[in-house]
Amino acid sequence: MKMVQAKNISYSFSPESVIIGDVSFDADKDEFVSLIGPSGCGKSTLLRIIAGLVKPTGGKTLYMGKKVDGPSSGMSFVFQDFALLPWLTNLDNVKIGCSMMKLSESEKEKKAEIMLDKMGLSGFERSYPNVLSGGMKQRVGIARALVSDPKVLLMDEPFSSLDELTAETLRSDIIYHLKNKNLPVNSVIMVTHNVEEAVELSDKLIILSKKPSHVAATKHIDLKRPRNKRSKEFLDIMDSVYATLAK
Amino acid sequence: MDFISLLGLIITLAIDTAFSWVRMFAALAVSIVISIFVGIYAATHKYAEKIILPIVDILQTLPILAFFPFVIFIIVAAIPGSIGINLAVVFLIITSMIWNIIFGVYESIKVLPKEYGEISKLYGLSRIERFRKIYLPAVMPRVVEQSTLSWSIGLFYLVTSEIFSTGNSQYAVKTGIGAAIASPLITGSALAYGLALLVFIVFVIATRLLFFKPLEEYVVRYNRHTQQKPESRAISYAKVMGSFGSRIARRLNPQQLIRSSGSAKTAMKKRGARSVREEGGIATIEKYGTAIKYAAVALIILGIAYVFITNPALMGYEATVLRALVYTFARVWFAFAIALLIGVPVSVYLIFLTRHSSKYLLLFQILSSIPATILLPAIVAGLKGTPYHGEITAVIIFVLGGVWYIIFSTMNMAKTLSPSIPEVKGIYGVKGADAWKKIYIRAIIPGLITGGITAIAAEWNASIVAEYFTVGNNVAAQVGIGVGKLLDLSLSANNLTLMLLAVANITVMIILLNTFVWKKLYRSVSKMYG
Ligand SMILES: Nc1ncnc2c1ncn2[C@@H]1O[C@H](COP(=O)(O)OP(=O)(O)OP(=O)(O)O)[C@@H](O)[C@H]1O
Ligand SMILES: [Mg+2]
């Protein structure tokens with residue numbers, strides 16, 4: 001079943017600056033899709049279009065077969081810069097994620113606590129984001145995105161503001177939760193510029209060209225998980241991605 | 001009015017404005033030169049830093065225009081005639097322009113990577129070479145950026161001081177747009193007044209387009225490699241808008257400023273390093289600033305006490321001053337409340353609810369560089385015959401003088417937040433009261449504090465003309481009681497004692513308010529914002 005379908009999306013700020021030329025792809029149920037491409041090719045914009053935050057100039061997005069024209073509770077977003085509200089406690093930040101749900105305050109609180117705990121942050125409910133390290137902040141950001149039980153998780157370079165060790169741990173935690181069905185999330189679309197990360201996490205890799213962007217190649221990655229980043233197969237896939245990107 | 005006299009009027013007004021502009025440029029030039037030396041000195045000498053920073057910090061929050069009657073009295077007594085008057089005006093404009101430029105210079109040196117110092121040692125650069133090859137190029141971008149802002153603030157001082165000077169023929173500025181505005185010839189005719197306003201606005205826009213914009217572009221091109229980040233502009237705007245705010249701005253999460261992915265990590269490291277270094281500056285202000293503030297207040301109070309003990313008759317004066325202070329205080333804060341009622345919704349709209357804020361911003365920048373006091377004749381004419389028109393005039397001028405600071409500083413402080421916060425609102429569907437409570441109000445609080453402190457200073461500044469506005473030899477509008485009015489009257493009466501007493505009282509009040517109200521607010525907010 002197709003969770004998300006992007007159909008002939010195009011985007012321009014003005015007639016002279018076309019950012020996204022024509023991009024189509026879809027994300028199936030239980031699929032982890034990565035979007036990768038040169039800097040400035042419109043990856044973040046594309047993800048925001050899918051989320052319903054930005055209106056495309058042309059084309060449309062379907063979420064479970066229905067046209068997207070505004071943010072919906074079924075799709076959630078993780079930001080590169082975390083985008084936590086510094087004046088709210090970590091728990092309240094996560095509770096923001098329940099805004100669209102028809103629950104009482106205490107039910108929201110309960111959900112938020114459970115999600116923070118799942119992200120390994122119990123004990124930090126009452127403190128503010130500023131006392132957390134970068135990796136912990138992004139855990140709060142992910143908890144906020146997951147607390148409303150979204151079916152689709154959109155992530156814009158979620159690990160790129162973190163140092164490599166922190167990113168590595170967070171990545172394996174996330175993939176563990178996702179693949180063990182600890183979460184109701186059906187599919188993930190992640191923007192990244194890190195080829196290794198993309199190959200490690202994805203079932204499908206969409207490689208975009210430079211702007212005005214279109215899909216340069218699509219790669220299905222069926223390596224079994226957990227993936228060994230030094231294995232020959234892994235390295236071969238990385239090489240072929242690099243080759244496509246260099247074109 | 002026939003065509004020839006119309007043309008004549010326009011030319012006269014253009015000449016008036018040109019004279020005013022000469023004062024402005026003279027003040028700007030002096031401010032820049034002093035700022036460069038003082039800023040670099042403070043940034044490179046530990047002990048100087050501890051004294052200069054807190055003093056600059058206090059001075060930039062004082063309503064220095066209130067000192068103008070005193071300054072003009074002293075300078076004209078020393079140098080009579082129009083030279084003295086012009087010197088007084090230029091001096092006053094300098095006191096409005098200089099502080100944020102000093103901070104800009106100081107900070108540009110402070111954020112220079114240590115390697116620069118090492119290079120200069122390695123290659124044995126002399127003091128002068130180091131100044132010319134390292135420091136000067138390093139500070140120029142911020143100097144230019146701050147100058148644009150100083151210019152807008154200076155215009156308010158220029159117009160206000162010129163209008164004020166005409167209140168007393170002995171101290172009147174002869175040629176200048178502020179002086180022209182307050183002359184019966186202009187205030188008597190709506191057409192003439194409209195033309196004067198138009199000429200002024202044309203000059204404002206022309207200066208921006210023909211002077212500051214090319215200068216900015218030049219500096220940016222020249223300094224492309226020195227990585228002036230776009231957000232530093234937001235922070236420096238905030239800085240002009242008030243000293244506390246700048247500190248809050250720098251304390252806000254640095255990593256949330258990062259936009260581009262490629263350089264995210266390096267930018268984060270750089271900002272981290274930078275904020276650590278800047279913390280030094282903040283701590284310096286905090287630690288020594290309080291001491292210096294208390295010392296200043298103690299000194300002034302001791303001075304006043306001494307005067308009273310030696311001259312018991314002065315107690316009557318003090319009573320007069322205090323009474324006037326209370327009235328103006330009430331007016332200022334009432335106007336501030338109105339400014340908040342206007343400014344908060346406008347800011348929230350611009351930050352969160354529209355995609356076209358940059359368009360409005362340009363309009364607002366032009367509108368805000370029209371000094372509120374230049375509108376005095378229009379307001380007075382509009383309110384003619386209304387009961388309490390003098391009080392209403394003062395309050396309107398105060399509101400107009402303050403509201404821009406609130407709007408700009410909230411907008412600029414909001415820029416230091418993550419650019420994704422409005423998207424968070426969209427994605428999670430935060431709406432209505434929840435959005436106001438959890439996002440909007442919280443996001444603009446630091447800006448409100450920053451803007452508040454400067455808005456209030458601007459209102460006190462305006463009081464010397466707003467509370468007592470004269471056209472020719474007639475008083476066009478005046479309040480019942482007020483410290484601005486008191487300053488005017490004491491200048492006309494050549495009553496130096498009363499004037500000094502009023503200035504001393506205002507200074508003590510502002511310092512106390514800053515220490516016990518704004519600083520407290522700032523502390524509780526900065527704890528929350530990190
Ligand atoms: N307001 C704007 N007007 C015109 N062009 C813009 C505007 N904002 C962004 N752009 C351009 O749009 C392009 C796409 O931006 P976007 O952030 O989507 O790219 P990206 O692929 O995510 O880049 P990165 O790898 O840096 O994250 C960029 O080239 C950027 O320069
Ligand atoms: Mg991006």
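Predicted model: local features only at pLDDT ≥ 70, side-chain atom pairs only at ≥ 80, totals over all residues.
Biologist: Into which domains is chain A divided, and how far apart do the C-alpha centres of domain 1 of chain A and domain 2 of chain A lie?

Modeller: The assignment for chain A gives a domain 1 made of residues 1-74 + 186-247 and a domain 2 made of residues 83-149 + 161-185. Between the C-alpha centres of domain 1 of chain A and domain 2 of chain A, the distance is 24 Å.

Biologist: How many residues of each domain of chain A are in contact with the other domain, and what area is buried between them?

Modeller: On the side of domain 1 of chain A, 14 residues are in contact with domain 2 of chain A, which itself contributes eleven residues. Carbon and sulfur atoms give 51% of the area buried between these two domains of chain A, and that area is about 1,000 Å².

Biologist: How many salt bridges are counted between domain 1 of chain A and domain 2 of chain A?

Modeller: One salt bridge in chain A joins the side chains of A:Glu197 and A:Arg171, with a distance of 2.4 Å from N to O. Polar contacts between the two domains of chain A amount to four residue pairs, both residues being at pLDDT 80 or more. For salt bridges between domain 1 of chain A and domain 2 of chain A, the count is four.

Biologist: Where does ligand 1 lie, and which residues come nearest?

Modeller: Ligand 1 is placed between chains A and B. Twelve residues are around ligand 1, and those that come nearest are A:Phe13, A:Lys43, A:Ser44, A:Thr45 and A:Lys211.

Biologist: Turning to chain B, how many salt bridges are counted between domain 2 of chain B and domain 3 of chain B?

Modeller: Chain B is divided into domain 1 (1-208), domain 2 (261-298) and domain 3 (311-530), and seven residues of domain 2 of chain B are in contact with seven residues of domain 3 of chain B. The area buried between domains 2 and 3 of chain B is about 610 Å², with 62% given by carbon and sulfur atoms. The side of domain 2 of chain B that touches domain 3 of chain B has four nonpolar, one polar and two charged residues. Although two charged residues are on that side, the count of salt bridges between domain 2 of chain B and domain 3 of chain B is zero.

Methods. Residues numbered from 1 in each chain as written. Chains lettered and ligands numbered in written order. Heavy atoms only, no water. Domains from an automatic or database assignment. Contact = heavy atoms within 4.5 Å. Buried area = accessible area lost by both parts, 1.4 Å probe. Nonpolar A, V, L, I, M, F, W, Y, C, P; charged D, E, K, R; others polar. Near = heavy atom within 4 Å. Polar contact = N/O pair within 3.5 Å; in protein donor to acceptor, adjacent residues only side chain to side chain.
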